[in-house]
Amino acid sequence: MYISRIKGLGFYVPDNVVTNDDLSKLMDTSDEWIQERTGIKERRHVLKGTDTTTSMGVKASLKALEAAQVSKDEIDFVIFATLSPDYYFPGCGVLVQKELGLRTVGALDIRNQCSGFIYALSVADQFIKTGMYKNILVIGAETQSPALDMSTRGRNMAVLFGDGAGAAVVSRDPARGILSTHLHSQGEHATELAMITPGVGTKWVPQILAENDPDDVSYYPYMNGQFVFKNAVVRFAEVIEEGLKANGLTREDISILIPHQANYRISQFVQHQFKLSDDQIFNNIMKYGNTTAASVPIALTEAVQQGRIKEGDLVVLAAFGSGFTWGSAIIRW
């Protein structure tokens with residue numbers, strides 16, 4: 001079997017910076033309140049008529065292709081992870097294929113929210129290892145701000161999320177790369193972190209239009225914060241340990257952990273559990289908020305750009321989110 005390696009990375013975030021003070025003008029909150037609970041100082045929101053989930057994914061992809069020194073004609077497959085596609089259908093994968101001018105390669109969309117990039121990376125890893133493809137474009141991108149309730153009623157969610165995109169070119173390598181990936185789900189907790197408005201398979205559009213209920217909050221995302229936090233810290237630890245054990249490694253072997261940027265307090269908890277120094281974990285949630293499927297590739301790209309990852313390092317990626325879904329990837333850089 002072949003080895004799959006992340007050959008190039010890129011990310012893009014909108015220019016529009018939304019600070020905690022900006023949000024305090026829209027809802028009953030403050031910079032101190034938000035930072036204390038989440039660690040977030042600011043995030044990026046798209047402006048109407050500018051970026052979309054697809055366009056941000058394209059911009060991140062162009063940077064990843066350049067970093068990998070791979071031409072668009074060498075891309076064999078596209079995997080796009082998002083919870084906020086441009087359309088209900090088709091997915092963003094085919095739109096990226098069009099906008100990048102790729103050959104008529106396959107395009108797959110992943111709907112695993114905060115774990116989306118890990119799931120997408122795992123799929124790409126299997127395609128590369130089995131020899132089916134040589135170069136796969138893996139994207140995580142989100143346009144979440146238009147779906148947020150930007151009022152005091154919705155502040156617990158509104159302060160958390162930002163928009164952006166990250167991309168990776170995953171290619172064959174003869175020597176090093178992804179050692180293993182590990183994926184899990186627990187659907188019994190699906191509604192603890194969700195946008196629970198019925199899909200068209202449950203509730204038909206004419207019904208929704210006929211009801212026209214302005215007090216229907218099911219169209220906004222919901223999170224049982226304390227319950228999610230308690231599950232997240234447990235599942236993060238479990239899936240990281242699972243990945244290390246599968247490769248005969250221990251926590252002492254970790255060069256750097258790149259966790260999904262859900263909440264800085266969760267990252268701190270996991271860091272403490274694994275007795276990692278500040279140099280062994282990377283966080284950028286303070287600048288971008290929770291960008292869901294985009295958070296891991298954005299953080300990974302910044303870590304590489306800042307020289308935090310060197311050749312031969314053991315890099316651990318981990319994520320937990322809606323579904324519940326969670327996963328990890330163990331990589332020899």
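Which residues form one aromatic cluster? Phe227, Phe320, Phe324 and Trp326 do.

## Basis of the report

This is a predicted model, in which local features need pLDDT of at least 70 and side-chain atom pairs count only at pLDDT 80 or more, while totals for chains, interfaces and linings use all residues. Residues are numbered from 1 along each chain as its sequence is written, and side-chain values use heavy atoms, with hydrogens and water left out.

## Aromatic pairs

Eight aromatic pairs are present in the structure. Rings of Phe, Tyr and Trp (its six-membered ring) pair if their centres lie within 6.5 Å; planes under 30 degrees apart count as stacked, over 60 as edge-to-face and the rest as tilted. Phe77 and Tyr133 make a stacked pair, because their ring centres are 4.9 Å apart and their planes stand at 15 degrees. This pair links distant parts of the chain, 56 residues apart: Phe77 belongs to strand β4 (residues 77–81), and Tyr133 to the loop between α5 (116–129) and β6 (135–142). Helices (H or I, at least four residues) and strands (E, at least two) are DSSP runs, numbered from the N terminus. Phe77 and Tyr133 are buried, where buried means under 20% relative accessible area, exposed over 50% and partly exposed in between (1.4 Å probe, protein chains only).

Phe320 and Trp326 form a tilted pair, with 6.1 Å from centre to centre and 35 degrees between the planes. Both of these residues, Phe320 and Trp326, are buried.

## Charges over rings

A charge sits over a ring if NZ of Lys or CZ of Arg is within 6 Å of the ring centre and within 35 degrees of the ring normal. Arg155 lies over the face of Trp33, 4.7 Å from the ring centre. Arg251 has its charged end over the ring of Phe274, at 4.5 Å from the centre of that ring.

## The second largest pocket

On a 1 Å grid over the protein atoms alone, a cavity is a set of points where a 1.4 Å probe fits but cannot get out, and a pocket is an open set with protein on both sides within 12 Å along at least five of seven lines; lining residues have an atom within 4 Å of a point. Grid points are joined across faces, edges and corners, and a volume is the space filled by probe spheres set on the points.

The volume of the second largest pocket is about 480 Å³. Its lining has 24 residues, of which Arg37, Leu160, Met223, Gly225 and Asn263 are the closest to the centre. At least two lining residues come from each of α2 (31–38), α8 (225–246), α9 (264–273) and β12 (314–321). The most come from α8, which supplies six. By class, 14 lining residues are nonpolar, eight polar and two charged; Ala, Val, Leu, Ile, Met, Phe, Trp, Tyr, Cys and Pro count as nonpolar, Asp, Glu, Lys and Arg as charged, and the others, Gly among them, as polar.

## Cavities

Two cavities of 30 Å³ or more are found in a search of the whole structure. The largest cavity has about 40 Å³ of volume, and its lining consists of Arg5, Ile6, Gly177, Ile331, Arg332 and Trp333. Strands β1 (3–12) and β13 (325–332) are the elements that give two or more residues to this lining.

The second largest cavity holds about 30 Å³ of space. Gln261, Asn284, Tyr288, Gly289, Thr291, Ser295 and Ile298 line the second largest cavity. Of these, two are nonpolar, five polar and no residue is charged.

## Helix α5

Of the 14 residues of α5, 11 are buried, so this helix is largely enclosed by the rest of the structure. Among the buried ones are Phe117, Tyr119, Leu121 and Asp125. After α5 comes Gly131, with a positive phi near 85 degrees.

## Backbone details

The peptide bond between Phe89 and Pro90 is cis, with omega about 0 degrees. Pro90 is in the loop between β4 and α4 (92–100). Another cis peptide bond runs from Gly323 to Phe324, with omega near -20 degrees; Phe324 is in the loop between β12 and β13.

Gln69 is not a glycine, yet its phi is positive, about 55 degrees. It lies in the loop between α3 (53–68) and β4, and counts as exposed because its relative accessibility is 74%. Thr292 also has a positive phi, near 55 degrees, and is placed in the loop between α10 (285–288) and α11 (295–305). Thr292 is buried, with a relative accessible area of 1%.
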